[in-house]
Amino acid sequence: MIDVSHTLIEKAVQKDVQAFQEIYELTGKYVYNIVLRIVNNAHDAQEVTQDVFVAIYKKLDQFNYQSKFTTWAYRIAVNSAINFAKRRTRTTGGHVSLSRQAIQYADVSSEPELTREERESTVQRLFNQLPEEQRACMVLRTVDQLSYEEIADVLGINMNTVRSRLKRAREKLMQYRKEVIGHEV
Amino acid sequence: MRCEQIQEQLLTEYLDEQISAEQKHVIDLHLNGCRACQEFYQAVVQAAVNPLKNSELYEAPSVIWDAVEQRIIHEDVSVIDLLRNWCVEFGNRLILPVPALGITMVIVFSLLGLMVFQSSNQRMARQAQEEPVEYLVSMIDDITAVDTNGGYGTDIEEYFL
């Protein structure tokens, strides 16, 4: 997990926009990718990421250094993304505009044969199989390689819950693969 | 350890390397001798690891920062936020808790308002007392005014008389 210095945070608290831009440059890419994988749509991810950073800017004076800055920022990002995804599920019935490409599974040895679009399509479809809370755990584990403890801190849950959500998410993906392979045969 | 317990670990701590070296060794030993668990682990990797392993980490589009910057620079600070921030800062200097400061300010403004109201009332009361007096004075002036026409009233009456 990347770290943001105390000095930079203090400057940004004083509404120093340049300092806040430095914070954005350190964390923006990771926040964007976490949001992208949870909302599973690039256009929505841009909108949500914007809202996340404006919220971070407004709430900076509430950051009390009891956790890492990135833990606190990721918490805001994950909560915003989950809320957005749930609202969208309520209004659209869960429809997400995904690539038309079919899902592609590849063995490790043949991975290089998949195109970028195929890989992206597969990732999108797999994450779309998971409910938002399981998806958030999988995203934090795969995108940012967070430990169980760090994931627990970000999501405000205990480690057993992290473990349980990852287990159920992977079982779901295994079941989905069986169904996909079964239809292809 | 039973296969069920091993497979649960294969789905979680073993896969995520959140496991001690000792525990990993125990599971590796089991995997070496158990075909079912080997196949299970392969299925986990194929379904939940390989497809996501090289998922691309995208750069955040530049439009995001542009939009964020515009919003934070042009953020409208509401009067309530200004007042709240002023109260918090003032309270911090006086070492007063914000609610106490808020109550104090309400009392101060109320007293000021009362003073203004009372002085306005007094002015109106004085005016009310003085107006009838002025009216009576003007009536008396009319009645006792000196008749420069020799008691004959108007100029026309004087002409005919």
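Visitor: Why are helix α1 and helix α2 of chain A called oblique to each other?

Guide: In this predicted model, the axes of α1 (residues 6-13) and α2 (residues 17-39) of chain A come within 8 Å and cross at roughly 130°. Angles under 35 degrees count as roughly parallel, over 145 as roughly antiparallel, 65 to 115 as roughly perpendicular and the rest as oblique, so α1(A) and α2(A) are oblique.

Visitor: What makes these stretches helices?

Guide: A helix is a DSSP run of H or I with at least four residues, while a strand is a run of E with at least two. Chain A has eight helices and zero strands.

Visitor: Which residues meet between α1(A) and α2(A)?

Guide: Contact means heavy atoms within 4.5 Å. From α1(A), A:L8, A:I9, A:K11 and A:A12 meet A:A19, A:F20, A:E22, A:I23 and A:L26 of α2(A). By class, that contact holds seven nonpolar, no polar and two charged residues; Ala, Val, Leu, Ile, Met, Phe, Trp, Tyr, Cys and Pro count as nonpolar, Asp, Glu, Lys and Arg as charged, and the others, Gly among them, as polar.

Visitor: How much of chain A is buried?

Guide: Buried residues make up 50% of the 185 residues in chain A, where buried means under 20% relative accessible area with a 1.4 Å probe, protein chains only.

Visitor: How do you know which residues and atoms count?

Guide: Residues are numbered from 1 along each chain as its sequence is written, and chains are lettered from A and ligands numbered from 1 in written order. Local features need pLDDT of at least 70, side-chain atom pairs count only at pLDDT 80 or more, totals for chains, interfaces and linings use all residues, and side-chain values use heavy atoms, leaving out hydrogens and water.

Notes. Axes fitted to C-alpha atoms, helices over the stretch in contact; angles between N-to-C directions.
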